[in-house]
Amino acid sequence: MTRKFGLLAVLFITLPALAAPVASVSGYVKNTSGMPQMGAMVEVFTSAALVGTTVFTDARGYYSAENLRPGLYYIKATAASFLPSLREKVSVRTGTRALVNLTLTTLADALQLLPARRSSSSDPDDWHWTLRSTANRPILRVTDDGPELVCNPENGDEHALKARLAFVAGAEADGFGSAGEVTTSFSLEKSLFTSGLFSFNGNIDSSSGDPNGVVRASYTHDFGTGARPRFTVTYRHLASPGLAAQNAAYSAVDMTTSNTMSVADFIDLDYGASLQAIDFTRRVSSFRPFGSVDIHLSPNTVIEYRYATSIPETRSAKGFDSAPADLSESGPHMALTNGLPEIEHAQHQEVSASRRFGKNSVQVAYYVDRVHNLVLTGAGDPSSYSDNVLPDIYSGTFSYGGGSLNTSGTRVVLQRKFSPDFTATADYSTGGVVALAAPVNAWQNVSQNLTNVRRHSIGGKFAGYIPSSGTRWVASYKWTSGNSLLPVDEFNASPGQVDPYFSFFIRQSIPGTSFIPAKMEAIIDMRNLLAQGYVPVLGRDGRRVYLVQAARAVRGGLAFSF
């Protein structure tokens with residue numbers, strides 16, 4: 001009897017272990033010529049902090065990692081004289097064998113893959129240090145342990161349609177900016193012809209009855225020779241802002257063509273132009289060229305010259321679905337002069353040097369700005385007694401002419417990447433801005449008191465990601481010395497790009513349900529939350545309006561990815 005009980009005990013202990021759900025990963029490790037690599041070490045792990053499974057390839061370059069728990073794995077292959085090859089987030093399911101083939105590349109082979117210039121939609125924390133493939137995916141990443149090749153799943157459906165839908169609303173602010181309209185944002189992305197990518201996105205608001213918003217279509221094609229042209233058409237339509245004199249809708253069409261290419265393996269070129277046409281009481285147009293040249297003196301040193309004619313986008317790190325469908329962020333910048341529209345014309349040139357030291361990066365830049373028909377921002381609505389303001393009922397702000405600005409300045413940016421999920425950035429800038437020469441008590445005295453002065457600004461930004469909760473966040477504060485109606489270094493496109501005053505953004509992943517087959521996220525976007533930098537001015541109707549460097553905005557909503 002004792003022996004029987006002992007046998008049963010052994011069975012109860014071993015059977016659950018034998019029945020535990022397990023999976024495996026196997027594949028081949030070869031070089032770029034297709035030759036199997038014997039003795040290559042393959043590591044299979046779930047995170048850098050946990051020890052995983054290590055196996056070695058045989059004479060055929062074959063490896064097999066058994067008895068793995070279901071989940072997401074990182075698979076890394078290393079061998080002498082080759083760059084490490086990493087496959088990220090490989091899904092391993094219960095009772096299945098995932099086939100993952102890895103290719104080992106030498107540094108010389110990797111540098112033959114011409115690096116594409118960072119687009120406006122890519123992560124600014126990458127800065128200049130990531131070599132990217134023609135599909136704008138990182139393929140060569142420089143870490144503290146040296147260069148590392150990052151691969152993408154070969155069995156993934158690269159031609160699958162990707163869609164995103166978001167509903168975002170603002171909070172009423174009683175004249176401080178940020179109207180309470182609801183914006184519907186959408187995004188579609190589809191790979192075409194193997195080397196092409198088509199995207200269609202926009203922000204639509206129909207709460208006023210007349211649909212208004214921004215719609216953008218873009219196509220990018222890779223010719224395989226280093227050239228990667230892109231063509232984008234953007235249409236903007238905003239319903240009548242309620243001006244008694246005009247009562248006209250605002251419409252604008254923007255056609256942009258650009259190209260990126262590499263010359264001699266160490267020079268990156270990015271150039272193009274935009275043709276903009278605006279219809280508001282009359283038709284006005286503008287031509288806006290842009291370009292940059294990056295010279296890679298070494299893997300950690302970059303010299304850049306940049307020429308721009310419009311203010312860079314600030315939505316790359318936050319996601320474009322958080323941008324409202326209004327005049328404040330959808331450009332082109334326009335104000336009214338005697339009731340007629342005038343487009344802002346700008347020329348920005350800068351030379352910068354960027355250097356990386358381990359986890360630290362530094363950039364020093366010198367810039368020159370020439371801006372005519374300058375557009376400034378206010379909060380409130382003085383349109384009842386002024387023909388020189390363009391109110392925007394969707395953001396609770398208005399635009400007005402600020403004359404011209406001719407200035408030069410410098411910028412210093414320090415950045416430290418404490419971990420792959422946490423980055424801190426500090427920015428110092430000095431340059432000319434538009435400010436009030438003296439306090440004014442009446443709106444009609446504003447234009448006579450505008451002057452160009454020199455100001456300093458210091459900004460700090462923390463950006464992070466919490467993998468356990470799926471939380472992505474950005475917190476920043478930018479201080480300006482003295483009163484200023486413009487941000488210092490407004491054309492800053494570096495990693496030090498920070499919204500004025502206290503701003504906070506969070507994108508929180510929400511677990512899906514069986515009823516909604518989509519990935520859900522909550523979005524909260526707060527800019528100039530404390531309403532700092534507001535200069536009060538009394539209008540003719542006795543109501544107070546404000547001249548601001550950046551209007552306060554509090555917006556939030558839900559996003560769905562399909």
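How many cavities of 30 Å³ or more does a search of the whole structure find? The search finds three, where a cavity is a set of points, on a 1 Å grid over the protein atoms alone, at which a 1.4 Å probe fits but cannot get out. The structure is a predicted model, in which local features need pLDDT of at least 70 and side-chain atom pairs count only at pLDDT 80 or more, while totals for chains, interfaces and linings use all residues. Residues are numbered from 1 along each chain as its sequence is written, and side-chain values use heavy atoms, with hydrogens and water left out.

The overall composition comes next. The secondary structure comprises three helices and 36 strands; helices (H or I, at least four residues) and strands (E, at least two) are DSSP runs numbered from the N terminus. Of the 562 residues in the protein, 46% are buried, that is, under 20% relative accessible area with a 1.4 Å probe and protein chains only, whereas exposed means over 50% and partly exposed lies in between. The accessible surface of the protein is about 26700 Å², and carbon and sulfur atoms hold 60% of this surface; the areas come from the Shrake-Rupley method with a 1.4 Å probe. Among contacts with a separation of 6 or more, 59% join residues 24 or more positions apart, a contact being heavy atoms within 4.5 Å.

The largest cavity has a volume of about 70 Å³, a volume being the space filled by probe spheres set on the points, with grid points joined across faces, edges and corners. Its lining consists of 13 residues, of which Asp369, Leu405, Gly432, Pro487 and Glu490 are the closest to the centre; lining residues have an atom within 4 Å of a point. Strands β24 (360–372), β28 (405–419) and β29 (422–436) each supply at least two lining residues, and β24 gives the largest share, with three. By class, eight residues of this lining are nonpolar, two polar and three charged. Here Ala, Val, Leu, Ile, Met, Phe, Trp, Tyr, Cys and Pro count as nonpolar, Asp, Glu, Lys and Arg as charged, and the others, Gly among them, as polar.

Two residues deserve attention for their backbone angles. Most residues other than glycine have a negative phi. Asparagine 373, in the loop between β24 and β25 (375–379), has a positive phi near 55°. Asparagine 373 counts as partly exposed because its relative accessibility is 33%. Aspartate 489 also has a positive phi, about 60°, and lies in the loop between β31 (471–480) and β32 (503–510). With 5% relative accessibility, aspartate 489 therefore counts as buried.

The structure also holds 11 aromatic pairs. Rings of Phe, Tyr and Trp (its six-membered ring) pair if their centres lie within 6.5 Å, and planes under 30 degrees apart count as stacked, over 60 as edge-to-face and the rest as tilted. Phenylalanine 398 and tyrosine 400 form a tilted pair, at 5.8 Å centre to centre and 40° between the planes; both residues are buried. The pair of phenylalanine 422 and phenylalanine 462 is stacked, because the planes lie at 10° with the ring centres 6.1 Å apart. This pair links distant parts of the chain, 40 residues apart, with phenylalanine 422 in strand β29 and phenylalanine 462 in strand β30 (residues 450–466). Phenylalanine 422 counts as partly exposed at 26% relative accessibility, as does phenylalanine 462 at 42%. Together with Phe418 and Trp473, Phe422 and Phe462 form one aromatic cluster.

Note on methods
1 Å grid on protein atoms, 1.4 Å probe; cavity = no way out; pocket = protein on both sides within 12 Å on 5 of 7 lines; lining within 4 Å.
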